[in-house]
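Please look over the sequence and the model below before reading on. The report then takes up a few places in turn.

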Amino acid sequence: MSDVKDGLRRNGRRLQQRYSAGNDRPLLAYSVVLGGYTALVGLAGVIGRARGVRLPARFSVQDTVLLGLATHKASRLIAKESVTSPLRAPFTSYEGPTGEAEVKESARGHGIQHSIGELITCPFCLGVWIATALTAGLVFAPKTTRLATTALTAIAVSDLTQLVYDGAKPKDTN
């Protein structure tokens, strides 16, 4: 059995070296994060099946739009907003402000700490997790999920309105 483990380690190191081109890319930690995502999706499926939850034949256009806008807002809220920086602090380093109430941070550390830092500072990456969770929410708890997605969508529309309003104000010419 130890020969198999040694062979897997050697192959893993070789793959890491070939892939990374000299950069520090935590492939094993990424695999752990992907495994966590897969496990959570699988667990949701098992719980749903045990509870007899039936998947809808389709989602409405309204639900899809709410999911899209809510996913956008939730992913930016978690990945970029100043007020959520305490959630990211164990995994990131502050670099400076980057927009309206947003900050730029970079992942720090090695291994799992670094891969989580990359995940939680990337709204695109978080979007997959959030969309999955909200979509599962529509299946398991549609009323509560619609409440949450409606609130997040309203915040996203409000943010856009604030930015348009700010941009429409006359510029100070002094």
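## Basis of the report

This is a predicted model, in which local features need pLDDT of at least 70 and side-chain atom pairs count only at pLDDT 80 or more, while totals for chains, interfaces and linings use all residues. Residues are numbered from 1 along each chain as its sequence is written, and side-chain values use heavy atoms, with hydrogens and water left out.

## Lys80

Lys80 belongs to helix H3, residues 61-80 (helices are DSSP runs of H or I with at least four residues, numbered from the N terminus). Lys80 is buried (under 20% relative accessible area, with a 1.4 Å probe and protein chains only), yet Lys80 has no salt bridge (a side-chain nitrogen of Lys or Arg within 4 Å of a carboxyl oxygen of Asp or Glu). The nearest side chain of opposite charge (Lys and Arg count as positive, Asp and Glu as negative, and His and the chain ends are not counted) is Glu102, 6.3 Å away.

Leaving aside neighbours within four places in sequence, the residues in contact with Lys80 include Glu102, Thr121 and Pro123 (contact means heavy atoms within 4.5 Å).

## Helix H6

Pro123 is also among the buried residues of H6, as are Leu126 and Ile130. The cover over the buried residues of H6 includes H3, helix H5 (111-120) and helix H7 (142-168).

## Leu40

Leu40 lies in helix H2, and because its relative accessibility is 51%, Leu40 counts as exposed (exposed means over 50%).

Key: Helix = DSSP H or I, 4+ residues; strand = E, 2+ residues; numbered from the N terminus.
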